[in-house]
Amino acid sequence: MPWILAGGGVVVIAVVVVLILALSGGSDTSSPEGVAESAVDAFNNQDADAIADLSCDATESDVDKSIDPEAMGLPSGLEVSAELGEVTKDSDTEASAKVTLTLSGDLPEGMPEGMNSQEMTLKMSNKDDKWCVDDLVPNI
């Protein structure tokens with residue numbers, strides 16, 4: 001009887017660990033969709049470590065500069081958020097995702113409507129059976 005209770009306890013603990021990992025938004029590098037979702041979440045949380053982990057080449061110091069509003073040259077009181085759009089797998093090694101960056105907060109007076117957002121393309125590559133982020137480029 002005690003071994004049944006112990007076994008049941010192990011199963012409960014295993015289920016809790018799986019749920020925590022699944023719901024905590026860990027980085028999924030097995031698909032372009034997973035990398036894109038993880039990258040947008042990391043950007044919105046200003047998590048330079050997570051973005052550097054998802055990047056094909058960038059270092060943490062490179063990432064720190066790209067997610068810090070002051071380093072981007074934004075006045076204080078402005079915030080930047082990212083929203084993921086369509087993810088497209090172009091080939092077995094290349095993929096892209098539409099990302100919209102939006103400014104909010106203390107927007108300058110007289111800013112024309114729609115000027116507070118920018119459509120971007122997140123470019124991803126499959127290297128060593130893991131997807132990673134290559135670049136984020138503006139759609140012009």
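## Terms and model

Two strands count as paired if DSSP finds at least two bridges between them. Helices (H or I, at least four residues) and strands (E, at least two) are DSSP runs numbered from the N terminus. By that rule, strand β2 (residues 94–105) pairs with strand β3 (residues 117–127) in the antiparallel sense, over nine bridges.

The model is predicted: local features need pLDDT of at least 70 and side-chain atom pairs count only at pLDDT 80 or more, while totals for chains, interfaces and linings use all residues. Residues are numbered from 1 along each chain as its sequence is written, and side-chain values use heavy atoms, with hydrogens and water left out.

## The sheet

Four strands form an open sheet in the order β1-β2-β3-β4, with antiparallel pairing. β1 (78–89) and β4 (130–138) are at the edges with a single partner strand each, so one side of each has no neighbour in the sheet. From one strand to the next, the twist averages 30°.

Helix α2 (residues 32–44) packs on this sheet and touches β1, β2, β3 and β4; contact means heavy atoms within 4.5 Å. The direction of α2 makes about 180° with that of β1. Axes are lines fitted to C-alpha atoms, for helices over the stretch in contact, and angles run from 0 to 180 degrees between N-to-C directions.
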